[in-house]
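Subject: Structure handover

Hello,

Here is the structure I promised to pass on.

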Amino acid sequence: MAENTKETASDNNVTSKKQEANTSSSGDGGFNRYLITAALPYANGPIHIGHLAGVYLPADIYVRYLRAQKRDVKFVSGSDEHGVPITIRAMKEGVSPQEIVDKYHAIIKNSLEQMGISFDIYSRTSNQIHHKTSQDFFLNLYEKKLFEEKESEQYYDEKAKTFLADRYIIGTCPVCGNPNAYGDQCERCGSSLSPEMLINPRSALSDATPVKKKTKHWYFPLQDYEAFLNQWILEGHKEWKNNVYGQCKSWLDNGLQSRAMTRDSNWGIKVPLPDAEGKVLYVWFDAPIGYISATKELTPNWADYWCKEDTRLIHFIGKDNIVFHCIIFPSMLKAHGDFVLPDNVPANEFLNIEGDKVSTSRNWAVWVNEYLEDFKDCQDVLRYVLCSNAPETKDNDFTWKDFQEKNNSELASIFGNFVNRTFVLMHKLCGGKVPKLHTDVMDDIDRALIEDIKAAKTKVENALEEFRFREALFEVIDLSRKGNKYMQEKEPWKKTVNSQQSTVNSEEAAHNQKLIDNCLHLCLQLTANLAILINPFLPFTAKKMLHMMKVVDKMLDWENAGSVKLLSVGYSLRAPEILFRKIEDKEIQMQIDKLKSGLVKTDKDVSNQQSATSQEDLLKAESPKLKAQIQYDDFAKLDLRVGKILNATKVEKADKLLKLEIDLGFETRTIVSGIALHFKPEDIVGKQVVVVANLAPRKMRGIESNGMILMAENKTGKLIFVNPDEATDAGSGVS
């Protein structure tokens, strides 16, 4: 950003290099334009740093890199303003859903803007253009007769006179006994559930016991697209990240089922059919269409980005959205027929906070809007910490101490220190101007630094092209580390002392000045390269560096990276600015206290409050938390038996349930179990299991379940059979 005519003219200070078109280093892969989407956050609360680390920061880094490459790119997202989370929040706050989405859309949009997330458009799904785009999409599939119209029984609240989505049904978790588990998941133990699995289910709206009532919906037959998905993903996209490819393979291996694309609700996009009163589009039908409607809102040329085969569509999401972006939405796009398919979906894992999972219900989160209030002008510090610790291949942990350490020991002491020393010495030893490079006194150390600068561009570029953002950022910081090492080896401050003492030997003084010039010339060129390379990651810092160098934004073009002719000899530069201040212990302690004091206590938290002052207490703190103590007589009431699975089949219209036929020796039992997401039916036939044989029967999906099998859950959330070490006769007692 120019401040005067001289600075505007300093655009000539940038030595541009012609970029060869369609070279392998460009990484364009034959694509002429890029459409980058970032998952639409629910407008039912602010965003936290887990959202930034998982989705918005990596997407922004990649987009900024593409723009620096001068590629044609559009970056779109927006608030997801439909679905159950919105109405639940409205119910809790005693306001209308519209008031909720208006409030949180503004907070989310402002937080993302302040963090430098550079969307071309951040829209919202309540906009009329989105309603029409979604309805038109639905009608396209409907008119092709691709939907299945089905009547089914769903839970209904007779008191509130409304059908209940899974999240509107609360009951006792059959796994851990949590009395307030939701109909889709228990937030205490993390188990995936269905409303049929809850004990004593009740409506979250009225506390009434829900009843089953018939309703009609339109189902999308995902199973009809299995062959397409197998070929497109499993054969055509083996380069996808392991977590994405693996999850897709698991879904496809287990077989797909028809999925309802409409819901009974008064909040959402109305189903555009005459016999669909009181029905809206399923939120996961309309939400990804939000990418299309946002692009329509952005540009009249939207079809170029959605309908031309030379567009590269990339979805940035968290791992919990993989199935929607890799299975359901692509199948919808394929069915529609007019749109390109995603070329990559670089989903990240989750970011924990201080060793515990982020939980919005427990308020265990670092909210971005609050961070921006507490750490003004420190956006790049958070961007740096979240990128350097990004959950790219596994869940990672954010701690405030690590935040402080990375700022003070890496950003301030390595990157910021190098830039500051370079400018201070340039003003002190070279009159505040870019000194000349004297080739006659260059040595191997100088030449090695030049090669390091050139190599850094390639390393960062290769990592960014393959979505390895942590690695790319490391290479940038490592280049500044090499700059510090180079300056320390050259010691230009010592050369000036020698030149002052050599009053008689003017040749020695001139030689020393050449050495000083060379050192600071290369350090300044390295600084200019750091501004280019760090810009996708820390854009606010790059802007400060441009201001110090008195150059315009054009220098940040990627084609300039790797050059040591970026700053013209004799050009005056400004005095240095501190790029990163030190963060004090008291600031960090304040954040830790704030996090802990804001925690909403649950049964789990109360049981977790144990002292860690001794080894015994530490072991206790790490061990699983026990339920309330019982007497032996309570345990003795359980009749545990060894059983053998004779047959296993999927329960129709229930993704999570398997119907098991189990031999108990004295009889064969039918037991319905919520393990379908963890095991294929054919893989568990013949397995021995431990069965609670005297559990009262319950009907689940119209099937009477007579008992319960015992399962264990490992650290990754996968269920494991609890069974005898050796083959045991069916019906044997367990004591």
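My notes follow, beginning with the ground rules.

This is a predicted model: local features need pLDDT of at least 70, side-chain atom pairs count only at pLDDT 80 or more, and totals for chains, interfaces and linings use all residues. Residues are numbered from 1 along each chain as its sequence is written, and side-chain values use heavy atoms, with hydrogens and water left out.

**The sheet**

Five strands form an open sheet in the order S3-S2-S1-S13-S14, with parallel pairing. Strands (E, at least two residues) and helices (H or I, at least four) are DSSP runs, numbered from the N terminus. Two strands pair if DSSP finds at least two bridges between them. S3 (121-124) and S14 (342-344) are the edge strands; each has a single partner, so one side of each lacks a neighbour in the sheet. From one strand to the next, the twist averages 35°. Angles run from 0 to 180 degrees between N-to-C directions, and axes are lines fitted to C-alpha atoms, for helices over the stretch in contact.

S1 (residues 33-38) and S13 (residues 311-316) run parallel and are joined by six bridges. Isoleucine 36 stands opposite isoleucine 314 in S13. Helix H2 (residues 49-68) lies across S1, S2 (73-79) and S13, at about 165° to S1.

**Threonine 360**

UniProt, in an unreviewed entry, places the feature "binding site" at Thr360. UniProt positions are given in the numbering used here, feature names are shortened, and annotations may be inferred rather than shown by experiment. Threonine 360 is in the loop between strand S15 (351-353) and helix H11 (368-374). With a relative accessible area of 53%, threonine 360 is exposed. The cut-offs: buried is under 20% relative accessible area, exposed over 50%, partly exposed in between (1.4 Å probe, protein chains only). Leaving aside neighbours within four places in sequence, threonine 360 is in contact (heavy atoms within 4.5 Å) with His48 and Trp367.

**Salt bridges**

The structure holds 45 salt bridges (a side-chain nitrogen of Lys or Arg within 4 Å of a carboxyl oxygen of Asp or Glu). One of them joins glutamate 465 and arginine 71, at 2.6 Å, N to O. Glutamate 465 lies in helix H14 (residues 444-465) and arginine 71 in the loop between H2 and S2, so the pair ties together parts 394 residues apart in sequence. Both glutamate 465 and arginine 71 are buried.

Lysine 490 and aspartate 446 also meet in a salt bridge, at 3.3 Å, N to O. Lysine 490 is in helix H15 (residues 469-490) and aspartate 446 in H14, so this pair links parts 44 residues apart in sequence. Lysine 490 and aspartate 446 are both buried.

A network of salt bridges links Lys70, Lys554, Asp557 and Glu559. Within it, lysine 554 and aspartate 557 meet at 3.5 Å, N to O. Lysine 554 is partly exposed, at 32%. Aspartate 557 is buried, at 13%.

**Glutamate 349**

Glutamate 349 sits in the loop between S14 and S15. It is buried, with a relative accessible area of 12%. The side chain of glutamate 349 makes polar contacts with the side chains of asparagine 243, at 2.6 Å, and lysine 319, at 3.2 Å. A polar contact is a pair of N or O atoms within 3.5 Å; within protein, one must be able to donate a hydrogen and the other to accept it, and residues adjacent in sequence count only if both atoms are side-chain atoms.

Best wishes
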